[in-house]
Amino acid sequence: MYAKVIKLTNMNGIKYDHTKIEKKWQEKWEEEGIYKTPKSSDGKKNYILDMFPYPSGATMHVGHLEGYVGTDILSRYYRMKGDRVFHPMGWDAFGLPAENYAIKTGIHPDKSTHDNIKTFKRQLEASGLSYDWDNEIDTSNPEFYRWTQWIFILLYKKGLAYKKKSPVNWCPKDETVLANEQVVDGCCERCGTEVVQKELDQWFLKITDYADRLISGLEKINWPEEVKIQQRNWIGRSEGRNIEFSVDGSDKKIKVFTTRPDTLNSATFLAVASKDNKDLKEKLGRPTGDYAINPLNGERLPIWETNYVDSSYGTGAIMGVPAYDDRDREFSTKYHIDIVERPFTKEILGEKIIHYHLRDWLISRQRYWGCPIPMIHCDECGWQPVPDNDLPVLLPSDVDFLPHGESPIARSKTFQKDVTCPKCGKAARREVDTMDTYVDSSWYFIRFVDSKNKSEFASKEAIKSWLPVNNYVGGGHVVQHLLFARFFWKVFYDEGLIDESVGDEPFLKLRAPGWILGSDSRKMSKRWGNVITPDEIIPKFGADTLRVYEMFMGPFDVMKPWSTAGVEGSNRFLGKVWRLFNKKPGEKIKKEILSKLHQTIKKVTEDIEEYKFNTAISSLMELTNSVTEYGADRETLKSLALLLAPFAPHLAEEVWVEVLGQPFSIHKADWPKYDDSKIASDTVTMVIQINGKVRSQLIVSNKQSTIQGDIETLSRKDENAAKWLKGHDIKKVIFVPGKLINFVI
Ligand code: ANZ
Ligand code: ZN
């Protein structure tokens, strides 16, 4: 064993060269299939999931990787702890950008998307991520979208999918529907023509039926508070009263919704939603000429029509109380309506009611690159779902992508061929719209657990064995994704497709990585020329350096700017680790090192579980420094390698197998345990800084660590510190007992 150490030390030299290590182990891991999902039922199940990426034309940048590295650390750590880990990856492959690209270049979305997937996958693999690729899914694959269609039909049969007229953004020149993000200042992003609203028949999913459960379920899950608040705000539950007013001189009645029925005595007007000027910021209105009677005091109140009342919320009408409501006051001031302030009343009129701001989910898209909606329209029988045996309804390939007023699929010659009504058999027509891609991402995490199932969307057993997701990581604009996915899950749960024991929330713990900004502290974007890709960093510094750097930049969930100096710092740290393992280990270690080791095991263990990857790495740095200075035995080195394995998997494997002579693979080895009795220490580690930069450290007794004179003397004797102090006048000494000493020179 010992001879091997010497031999391999010579072979690899002392310089840390990632090019000799990373590719080699990636190939070996793949060959040995060490990240395959365990078949046995040993260990606690732990489903660790990333929000799967949309494979866009722009390659992945280092910001995307942050979350993936985080879940990779968790997956490696929990595997070593003996958990049964499930860590899959796949592609949110449908979407508008690929279709727009096709319009511009003529390249079919299927081709561009799959080219992009190849690039993304290569980048993930080069980063040393431990996905089990056996369960890879692609939402544009008919094997997948067959079940997306099946789910749509399930919803339809449960009365949760319906068709209704609804306005869309319409460009009259391009004759196309525009997504909100394609409308810039009210004009078409492509041609600049003013966008109008057009009413189209569209499919909706009835998420509003689940509004209350979508709120109450939040109590059960471990999510960041701000994400829960976003969910609640999006649903917008509001308790109040509907109060009925009669219209003077007619038998018409107007119902208003108010959350402040106690202000009824101070109402001076009524207002109903107007059709025009809807999108203007300015409050506009006109009197209708009618008057309503206040049911509390009999006063006659003018009825106005205004754009600040939303026709689709509450009753679409309000009572105006300018004395107490800011919007009403602004409106009254502008139109010289009375402002009357009377005391609140204890007498409360009207029926109790709860309204939600949440709207049903509009899923129709007049687009090609999405999942076809599996419905057939018959003039006699109306809308009919496509029979199960006829699924999937395949996306036709014979379409041109230029917009012509409706979904490009409408002009396919094959799509409508021989279509008959499933009910009466007469000639009929298929729905040509496709689904919002949020539908795909609302259930992909269920398909992962049984991705090859041909007879079910996922078996109840597979769902029970892996779901709910234990750790879900992803960020960005996810309010809707999380809401929609929770809605789907509850529908499946109610339908009995999910065992009761699994529960009615799909994501138990959620964490959102903070954005990585460019080095100019701006959002990484082509526009600013500040995008950094793994393809620039990995060849130069290695994946381990990139991983350690990204996790060391700061707390996982906060924004942080990229710094090339920081990358170099992480690279130097790994170089230091490398040299440590290429030194001959000692026979014995100091007691101080032993307690430091056990403190570090405890700290890294706890930090990983709390997603505090940055502080876990700092404690590994401290341990590395202590060991470099005071030496270590083989057992200590083994523990250090194990602790590093989730962060720098290639380097850790190399020293584990090639230097320490341990059996392949470190990623299958047991996570080290700490011993409380060894943690207790009568010594502390003090940092020595010169001009605020850490230059060395001292291990001293607790008592000594509080005596400035002793620490100053010991620092001057310390080899590393002495180097920096030599020949300089010390202007000032800052001393923090038990923590640090800083020499200002
Ligand atoms: C009188 C009043 C007095 C009000 C007061 C508020 C304060 P949320 O919490 O969002 O439910 N409102 C009702 N329906 C509306 C609609 N369709 N469009 C615009 N505004 C509407 O808000 C409920 C309050 O918003 C209601 O209570 C109503 O104004 C207004 F001191 O009634 B309130
Ligand atoms: Zn029919």
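**The zinc site and its surroundings**

The angles between the four donor atoms around the zinc ion (ligand 2) run from 106 to 113°, which makes the arrangement tetrahedral (for four donors, all angles must lie between 85 and 135 degrees). For comparison, the ideal angle for four tetrahedral donors is 109.5 degrees. You are looking at a predicted model, where local features need pLDDT of at least 70, side-chain atom pairs count only at pLDDT 80 or more, and totals for chains, interfaces and linings use all residues. Residues are numbered from 1 along each chain as its sequence is written, chains are lettered from A and ligands numbered from 1 in the order in which they are written, and side-chain values use heavy atoms, with hydrogens and water left out.

**Who holds the zinc ion?**

- The protein donors are the SG atoms of Cys378, Cys381, Cys421 and Cys424, at 2.2 to 2.4 Å from the zinc ion (ligand 2). Donors are N, O and S atoms within 2.8 Å of the metal (3.2 Å for Na, K and Ca), and sites may look incomplete because water is not among the atoms.
- Along the sequence, these donor residues follow the spacing C-x2-C-x39-C-x2-C.
- Cys378 has a relative accessible area of 1%, so this residue is buried, while Cys381 counts as partly exposed at 23%. Buried means under 20% relative accessible area, exposed over 50%, and partly exposed in between (1.4 Å probe, protein chains only).

**The sheet beside it**

- An open sheet is built from three strands in the order β20-β19-β21, with antiparallel pairing. Strands pair if DSSP finds at least two bridges between them; helices (H or I, at least four residues) and strands (E, at least two) are DSSP runs, numbered from the N terminus.
- β20 (382-385) and β21 (429-430) are the edge strands, each with a single partner, so one side of each has no neighbour in the sheet.
- Strand β19 (residues 375-378) is joined to β21 by two bridges, and His377 stands opposite Arg429 in β21.
- Helix α6 (residues 142-157) lies across β19 and β20, at about 130° to β20. Axes are lines fitted to C-alpha atoms, for helices over the stretch in contact, and angles run from 0 to 180 degrees between N-to-C directions.

**A tryptophan in the helix**

- Trp150 is placed in helix α6. Which residues does Trp150 contact, leaving aside neighbours within four places in sequence? They are Asp388, Leu391, Phe457 and Leu497 (contact means heavy atoms within 4.5 Å).
- Trp150 and Phe457 are 307 residues apart in sequence, yet their C-alpha atoms are 8.2 Å apart in space.

**Nonpolar cores**

- The largest nonpolar core has 168 residues, and Phe445 and Trp562 touch the most other members. Such a core is a set of buried Ala, Val, Leu, Ile, Met, Phe, Trp, Tyr and Cys residues joined through side-chain atoms within 4.5 Å.
- A second, separate core of 15 residues includes Leu264, Val272, Ile303 and Val321.

- Strands β27 (residues 683-690) and β28 (residues 693-701) run antiparallel and are joined by eight bridges; one bridge pairs Thr683 with Ser701.
- Two residues lie between the strands of this hairpin, where Asn691 takes a positive phi near 50°.

**The whole chain**

- The chain holds 23 helices and 30 strands, and 52% of its 745 residues are buried.

Definitions and conventions. Four donors count as tetrahedral if all angles lie between 85 and 135 degrees; four count as square planar and six as octahedral if opposite donors are over 155 degrees apart and all others between 65 and 115; anything else is irregular.
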